[in-house]
Amino acid sequence: MRITIDREVCVGSGLCVLIEPAVFDQNDDGLVELLDEGPLTDAGGTVEDAVQRCPAAALGITPD
Amino acid sequence: MHVPHATDSAAQSMHTEFPEFPMPRSCPMRIPEKYAQLRAEAPISKVTLQHGSTAWLLTRQEDIREFLVHPQVGTDRLLPGSPLQVRLPVGVPKERLVGMVGMDGPEHLARRRLVLPEFTVKRIRQMRPRVQEIVDACLASTLDAGRTADLIEAFAAPVPSMIACELLGVPYEDSAFFLAKTAVILSRNATRPEQENAYAALLDYLEVVVSDKEREPSDDLIGRLIGNLRASGSYDRDLVLGMARLLLVAGHEATPNMIALGTVGLLEHPDQLAELRADPGLVPQAVEELLRYFSISDQATFRVALSDIKIGDVTIREGDGVLGLNASANWDSEFYENPEVLDIHRDVGRHLAFGYGPHQCIGQNLVRMNLEVVFSTLFARVPGLRLAVPAAELPLKNDQIVYGVHELPVTW
Ligand code: SF4
């Protein structure tokens, strides 16, 4: 799977960074940035958890 | 949409057929009992507010999440349907009065992004050593002063206050002054002239702070905000004042309540507290569980429908006020097994203690870090800490928008 991000709507909560710091980061403006463009496997479900918990629906998952 | 701005929600007609809101909590360890009943029997229903107007209550997590990200939902508290529980003064420019929390869409996002860099996970981590110093110093002076204390006055209030003042660049020595003004602004019992005077005094005070920083650049949040706005050629003093007021109040209001209630929660669960002491690695997840469990800001997620919107099978009409009760969402048994049980090992998942949607608390990572440092330090340094009165006798803040206890007498 791959992650999609939408910086237009990101509100910089940093929740994704807290949940899965190997995949998500925040740039200097506080907006989401991908550290790993994928393809990813989400063994522990943390990536999906981050996508679910994003308060701005700025994250998405697409299959490979 | 064409909804005129209201000057006083009391002008609206009385509706007494609906239950009253807010609903009191009966014990520091419980959210209002009525929420569970509503969730089961009438998850979307109407209530009567203090000044006589009505609003919808949302009680289920799914509905609240759907509602808080809905594009036709607004935060403008000057709209007549807004279920804001305090009356705002008239005649203050909107930018100063409500700032970004009362704005929506691109307008809100643009303001939020001006200060977002100050609150990233990385920036907050860099503040941790300084927060530890503040916590250590405050705790040392609490312990030096005797064997008992009101933990709120001695520790839970000054710690976040010092942090907020330092971050913003506002002198901590003035905190008693601006806290007294804020208390009047947020009081349900103050008269309108009292509130207007307090508001004016607070803004006058901040105006001095801001004009000092306009003259002499400072390396703090307000100073950087001024510098960045000037650099982009869009300096606006009202914006800076509104932001300073908002962040100052927000930085003082909620964290003391979470420190106090979290302390009560852990002291009332000695087994879990012992585990926490033995393994400080458990602290971050314990903090999330405490945030979920107490959900002190359940009245803060209030909105107005900007057009007719359908949530579940209920149509909320344009102009209606809506409260999305995050305490109810956080105790929704669809999402949590035995939600009324405090369990630091729980997978807290998607709790809504910081709200949800574009207005989700901007300071949430600062709050998390502050609570982590506080709880890990407090319980390690004061092994004999205990409540000086039974938890059931603590004076509850049912009279305030952000929930907590008025005092927390402890001994060690
Ligand atoms: S969780 Fe969502 S809103 Fe928060 S930083 Fe990540 S992408 Fe942005």
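Q: Where is the place of Pro22(B)?
A: Pro22(B) lies in the segment before helix H1 (34–41) of chain B. Helices (H or I, at least four residues) and strands (E, at least two) are DSSP runs, numbered from the N terminus. This is a predicted model, in which local features need pLDDT of at least 70 and side-chain atom pairs count only at pLDDT 80 or more, while totals for chains, interfaces and linings use all residues. Residues are numbered from 1 along each chain as its sequence is written, chains are lettered from A and ligands numbered from 1 in the order in which they are written, and side-chain values use heavy atoms, with hydrogens and water left out.

Q: What is the peptide bond that joins Phe21(B) and Pro22(B), and what is its omega?
A: The bond is cis, with omega about 5°. A cis bond also runs from Gly38(A) to Pro39(A), where omega is near 5°. Pro39(A) belongs to the loop between strand S3 (32–34) and helix H2 (46–53) of chain A. Most peptide bonds are trans.

Q: Why does Ser297(B) count as buried?
A: Buried means under 20% relative accessible area, exposed over 50%, and partly exposed in between (1.4 Å probe, protein chains only). The relative accessibility of Ser297(B) is 16%, and therefore the residue counts as buried. Ser297(B) sits in the loop between helix H14 (283–294) and S5 of chain B. Leaving out residues up to four places away in sequence, Ser297(B) touches Asn326(B) and Ala353(B); contact means heavy atoms within 4.5 Å.

Q: Is Ser295(B) buried or exposed?
A: With a relative accessible area of 0%, Ser295(B) is buried. The loop between H14 and S5 of chain B holds Ser295(B), whose phi is positive, about 35°, although Ser295(B) is not a glycine.

Q: Why does Ala57(A) count as exposed?
A: Ala57(A) has 60% relative accessibility, and so counts as exposed. Ala57(A) is placed in the loop between H2 and strand S4 (59–62) of chain A. Its phi is near 55°, a positive value in a residue other than glycine.

Q: How do you know that the buried residues of H4(B) line one face of the helix?
A: In helix H4 (residues 105–115) of chain B, the buried residues are His108(B), Leu109(B), Arg111(B), Arg112(B) and Val115(B). Viewed down the axis of H4(B), these buried residues fall within an arc of 165°, and therefore they line one face of the helix. The arc is that of the directions from the helix axis to the C-beta atoms. Their cover includes helix H3 (94–97), helix H10 (221–231) and helix H11 (237–253) of chain B.

Q: What makes S1 and S3 of chain B the edge strands?
A: The open sheet has 5 strands in the order S1-S2-S8-S5-S3 (chain B), with mixed pairing. Strand S1 (44–48) and strand S3 (73–74) of chain B each pair on one side only, as edge strands. Two strands pair if DSSP finds at least two bridges between them.

Q: How many bridges join S1(B) to S2(B)?
A: These antiparallel strands are joined by 5 bridges. The bridge partner of Ile44(B) in S2(B) is Leu58(B). The pairing of S2(B) with S8(B) is parallel, over 3 bridges, and Leu57(B) stands opposite Leu323(B) in S8(B). Strand S5 (residues 302–305) of chain B runs antiparallel to strand S8 (residues 321–324) of chain B, with 3 bridges between them.

Q: Why is S2(B) described as largely enclosed by the rest of the structure?
A: Of the 5 residues of S2(B), 4 are buried, so the strand is largely enclosed by the rest of the structure.

Q: What makes the meeting of Asp25(A) and Lys122(B) a salt bridge?
A: A salt bridge is a side-chain nitrogen of Lys or Arg within 4 Å of a carboxyl oxygen of Asp or Glu. The side chains of Asp25(A) and Lys122(B) meet at 3.8 Å, N to O. Across the interface of chain B and chain A the rule finds 1 salt bridge. In this interface, 20 residues of chain B are in contact with 22 residues of chain A.
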